[in-house]
Amino acid sequence: MATLSLHNLVKAYGKTEVLHGINLDVADGEFVVFVGPSGCGKSTTLRMIAGLEDVSGGEVRIGGAVVNHLEPKDRNIAMVFQNYAIYPHMSVRKNIGFGLRTAKMPKADKEKRIEEVAAILSMTEYLDRKPAQLSGGQRQRVAIGRAMVRDPAVFLFDEPLSNLDAQLRTQMRLEIKKLHQRVGTTIIFVTHDQVEAMTMADRIVIMKDGHIQQVGTPAEVFHQPANAFVAQFIGAPSMNMLQGRITADGIEVAGRVIARKTPGAVGSAVTVGIRPDDLRVTPDAGSFAGRVSVLEPLGAETLAYVDIGGQEVVARADGRTPPPLRAQVHLTVDPANLHLFDAEGVAIR
Amino acid sequence: MTEIRASSAALMQTRAAKGPRDPWSVLRWTLLAMGAIVMVMPIVYMLSASIKYPFEMYDLNIIPKEPTFENYTYVLSDGRFLRWFGNSFLIATLTTLSAVFFDALVGYALCKFTFRGRTFVFIAILSTLMIPTEMLVIPWYLMSKSFGWLDTYWGIMFPGIMTAFGTFLMKQFFETVPDDFLEAARIDGLNEFQIWWSVALPLVTPALSALAIFIFLGNWTAFLWPLIVTNSAELYTLPVGLTTFSVEQAVEWELIMTGAALATIPTLIVFLVFQRYIIRGVAMAGLKG
């Protein structure tokens with residue numbers, strides 16, 4: 001186990017800079033998830049930590065030591081790849097033990113270690129099989145086993161669940177989380193799936209265009225997003241964004257004024273964010289009135305898309321008694337649950 | 001249900017239409033049969049001639065009137081033949097091992113490493129494919145003469161220790177090996193040679209097998225360069241040695257054909273051995289899905 005620090009980390013390909021000074025401190029044993037859209041630089045950052053990409057500027061420290069110029073094998077890290085990258089010509093046993101090839105330890109100890117890891121991953125009975133004889137989930141376990149066997153200081157996961165089907169992904173998500181609780185190794189996990197990020201992370205790092213947008217616990221990034229991008233990226237369905245204006249009495253949105261103390265000059269424009277969970281559909285008079293344009297039944301709940309004064313918002317309604325399609329409804333929101341963003345998209349608190 | 005029945009009937013009709021009575025099918029099979037005959041006839045003639053007496057040699061009959069294995073006895077008991085056979089085997093084997101090793105090594109470097117001049121090197125290697133062997137033998141000969149390689153095993157082998165075709169083939173196959181495999185091995189502590197040897201090479205076994213077959217056959221049947229570079233009969237390869245059965249007064253076709261028939265045996269063995277690996281290689285799978 002070890003701490004990990006990124007200090008002003010920069011990556012450039014020729015004159016094109018793709019990472020613009022990343023700063024992050026990861027505590028010993030912490031599970032940190034990098035999340036963001038494609039091309040945001042999360043995988044590049046991970047590969048720089050692994051030593052698979054050169055560092056153009058700044059520092060990567062593992063366990064306090066600068067590792068910028070160390071080979072991947074000398075960084076005491078292990079990585080699980082999106083495509084598993086388990087060797088098809090080797091058995092599960094050889095795949096898991098591959099990382100011990102260069103380790104100076106007796107053969108019996110290596111075998112014991114392989115058996116231990118296989119037992120943790122419930123792969124003991126498959127040790128003599130080839131990867132072609134395994135399912136996708138089992139292959140992923142082998143890849144994790146190969147990373148675990150060396151007992152690294154830091155685990156790096158590069159979108160390891162993205163090739164699995166939805167059910168298996170949920171199962172593996174849980175298994176990785178349990179594994180972390182069991183071994184306690186520092187984990188850096190890259191994903192573009194915000195549900196994975198929310199469910200697994202101790203802290204989430206949200207990235208966009210080579211910049212960190214926010215670092216925080218799942219609750220912090222969900223309830224106190226630093227900016228409009230984070231607010232919309234985290235949470236499904238996305239946060240509703242409405243154009244509003246600060247008035248003397250509160251905030252004017254979609255023709256209604258919601259009473260709430262707001263810093264900022266009267267008359268200035270703001271973006272008002274409302275989570276679909278915070279909008280309640282009521283038949284009585286509420287904050288907004290509108291017509292239901294689309295319904296998406298999800299079982300326990302139904303997502304209702306409501307047109308309010310030319311702006312469409314989505315609200316969660318009860319799955320058993322959803323509002324009828326094209327019905328005139330009212331939406332209420334607790335003013336305390338409004339998220340306000342200035343013209344640059346920065347949160348107003 | 002009606003739709004399923006209708007489509008089954010349509011499928012049966014299609015199959016019936018593609019049956020042996022289909023005129024296109026007849027034409028296809030006829031063309032294939034003709035192609036097969038053209039391919040097989042020289043082999044059949046060679047085998048037939050190898051069991052004929054000299055007086056029957058110019059008859060076109062496939063089955064000899066008086067079949068004999070005396071030619072085989074004669075050729076196999078002639079020490080020169082076994083020597084040439086051994087020479088060819090040694091040279092073809094060593095050259096194949098060398099070419100497969102270096103072609104795969106260079107192909108891998110050109111495919112997986114980024115360095116200044118990589119494209120230029122690749123194009124330069126490829127451009128040598130455009131030069132016919134007949135043009136290369138002069139510089140090869142001058143080089144051999146300068147270094148004292150004339151009439152030596154090394155002189156016969158050196159032009160084939162690495163091939164442009166093999167480098168190109170291996171580079172193309174290494175393109176199909178995902179970088180994740182190599183990076184995983186890099187993190188696991190292997191050096192670049194170990195990664196190539198333990199991870200990349202086993203993933204391109206089909207290409208290695210195909211290349212080994214091509215190179216072995218090419219060297220086993222090579223004639224022009226071994227003929228030029230060798231003077232001593234004990235250094236002759238089999239194709240060169242067989243020409244000694246043809247002298248000014250007569251051509252001993254039955255002995256040449258016998259020698260040629262015996263010469264096909266190693267090539268068949270090589271093909272059968274490596275073909276197994278080609279199929280096994282194709283069947284391997286390791287990535288997602």
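Visitor: In which sense do strand E11 and strand E14 of chain A pair, and over how many bridges?

Guide: In this predicted model, E11(A), residues 240–246, and E14(A), residues 269–274, pair in the antiparallel sense over six bridges. To follow one position across, take Gly244(A), whose bridge partner in E14(A) is Val270(A).

Visitor: Which residue is the bridge partner of Gly244(A) in E12(A)?

Guide: That partner is Val253(A). Strand E12, residues 250–253 of chain A, runs antiparallel to E11(A) and is joined to E11(A) by three bridges, and these two strands form a hairpin with three residues between them.

Visitor: How should I read the open sheet in chain A, and which strands stand at its edges?

Guide: Read the strands in their order in the sheet, which is E6-E7-E8-E3-E9-E10 for these six strands of chain A, with mixed pairing. Strand E6 (77–80) and strand E10 (211–216) of chain A stand at the edges, and each has a single partner strand, so one side of each is left without a neighbour in the sheet. From one strand to the next, the twist averages 15°.

Visitor: Which strands does helix H1 of chain A touch?

Guide: Helix H1 (residues 42–50) of chain A packs on the sheet and touches E3, E6, E7, E8 and E9 of chain A, while its direction makes about 145° with that of E7(A). Helix H4 (residues 136–148) of chain A lies across E6 and E7 of chain A, and runs at about 175° to E6(A).

Visitor: Why does Met130(B) count as exposed, while His7(A) counts as partly exposed?

Guide: A residue is exposed when its relative accessible area is over 50%, buried when under 20%, and partly exposed in between. Met130(B) has 66% relative accessibility and therefore counts as exposed, whereas His7(A), at 44%, counts as partly exposed. Met130(B) is found in the loop between helix H5 (118–127) and helix H6 (133–147) of chain B, and belongs to a nonpolar surface patch of about 700 Å², whose residues include Leu129(B), Ile131(B) and Phe214(B). His7(A) lies in strand E1 (residues 4–13) of chain A.

Terms used
Residues numbered from 1 in each chain as written. Chains lettered and ligands numbered in written order. Predicted model: local features only at pLDDT ≥ 70, side-chain atom pairs only at ≥ 80, totals over all residues. Heavy atoms only, no water. Patch = residues over 30% accessible without salt bridge, like charges linked within 9 Å, V, L, I, M, F, W, Y side chains within 5 Å. Areas by Shrake-Rupley, 256 points an atom, 1.4 Å probe, with all protein chains shown as cover. Salt bridge = Lys/Arg side-chain N within 4 Å of Asp/Glu carboxyl O. Helix = DSSP H or I, 4+ residues; strand = E, 2+ residues; numbered from the N terminus. Buried < 20%, exposed > 50% of the residue type's maximum accessible area, 1.4 Å probe, protein only. Pairing = 2+ DSSP bridges. Axes fitted to C-alpha atoms, helices over the stretch in contact; angles between N-to-C directions. Contact = heavy atoms within 4.5 Å.
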